[in-house]
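Reader: Before I rely on any structural label, I would like to hear which criterion stands behind it. Could we go through the labels one at a time?

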Amino acid sequence: MTETAIGYARKSIYVSGLEDERESVLYQLNQIEEYADEHDLELINIYSDIGVSGVLKSRPDLNKMLAFLRNYVQEKDEKVNYLIFYNQERLARDLSTSIELMLEITELVEEIVFVADETNTSIRNFRSTFLVNAAKAAENRRFIKKRLRQGRKAKVVYSNLYRSTFKPLGYVQISKRRN
């Protein structure tokens, strides 16, 4: 009997040479499909959320996936064998959200696989590895947000590209600066 699998991808990992969020998700989906092929898994469905934060527990396709898994367990009285993610950060970018989702998902599937991390729920020290990676994902999110804020500020200050009715405190247009 062929083992069953479901895949899930979420926007935007940085992979050198990729131009946008959709291409990033396509890369993740390709890696999920390759993993399923290499392990002779029947990929029942793949879900993907594009442009939705990993901090949020409620995401459109994540919600659809969880509903599908619940229905599958009810109807077939068995779990889907595998749930495949590209990496753990695609599950969530918040520690508490990661833990909540993991607890919910482990009730619905036999094994969770993180392809790029080369880890899954069947390894001996998965729980400790999972918690460390979830904390790193949350910290990485804070770092990304800080870089984005700095980039926006630099755009305003150095490029004079502020576009809004209300100027930020300390903003001076280049043409109005005094020598």
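**Labels and their criteria**

Author: β3, helix α3 (residues 95–106) and β4 form a right-handed β-α-β unit, where right-handed means that, with the strands pointing away from the viewer, the path from the first strand over the helix to the second runs clockwise. Helices (H or I, at least four residues) and strands (E, at least two) are DSSP runs, numbered from the N terminus. This is a predicted model, in which local features need pLDDT of at least 70 and side-chain atom pairs count only at pLDDT 80 or more, while totals for chains, interfaces and linings use all residues. Residues are numbered from 1 along each chain as its sequence is written, and side-chain values use heavy atoms, with hydrogens and water left out.

Reader: What makes β3 a partner of β1 and of β4?

Author: Two strands pair if DSSP finds at least two bridges between them. Strand β1 (residues 3–10) meets β3 in the parallel sense over four bridges, and β3 is joined to strand β4 (residues 109–114), also in parallel, by five bridges. Phenylalanine 85 of β3 stands opposite tyrosine 8 and also opposite phenylalanine 114 in β4, while leucine 83 has isoleucine 112 of β4 as its bridge partner.

Reader: Which strands make up the open sheet, and in what order?

Author: The sheet has five strands in the order β2-β1-β3-β4-β5, with mixed pairing. β2 (41–49) and β5 (119–120) stand at the edges, each with a single partner strand, so one side of each has no neighbour in the sheet.

Reader: Why is strand β3 described as largely enclosed?

Author: Buried means under 20% relative accessible area, exposed over 50%, and partly exposed in between (1.4 Å probe, protein chains only). Six of the six residues of β3 (residues 80–85) are buried, so the strand is largely enclosed by the rest of the structure.

Reader: What makes a group of residues a nonpolar core?

Author: The term covers a set of buried Ala, Val, Leu, Ile, Met, Phe, Trp, Tyr and Cys residues joined through side-chain atoms within 4.5 Å. The largest such core has 22 residues, and those with the most contacts inside it are Met65, Leu83, Phe85, Leu91, Ile105, Ile112 and Phe114. Its largest share, five residues, is supplied by α2. A second, separate core of nine residues includes Tyr35, Tyr82, Ile84 and Val113.

Reader: How do you know whether α2 is roughly parallel or roughly antiparallel to α3?

Author: Angles under 35 degrees count as roughly parallel, over 145 as roughly antiparallel, 65 to 115 as roughly perpendicular and the rest as oblique. They run from 0 to 180 degrees between N-to-C directions, and the axes are lines fitted to C-alpha atoms, for helices over the stretch in contact. The two helices pack at about 25 degrees, with their axes 11 Å apart, and that makes α2 roughly parallel to α3. Contact, meaning heavy atoms within 4.5 Å, is made by Leu62, Met65, Leu66 and Arg70 of α2 and by Leu101, Glu104 and Ile105 of α3.

Reader: Why is aspartate 77 called exposed?

Author: Its relative accessible area is 69%, so aspartate 77 counts as exposed. Aspartate 77 lies in the loop between α2 and β3, and its phi is near 55 degrees, a positive value in a residue other than glycine.

Reader: What makes glutamate 118 exposed?

Author: Glutamate 118 has a relative accessibility of 74% and so counts as exposed. Glutamate 118 is placed in the loop between β4 and β5, with a phi near 50 degrees, again positive in a residue other than glycine.
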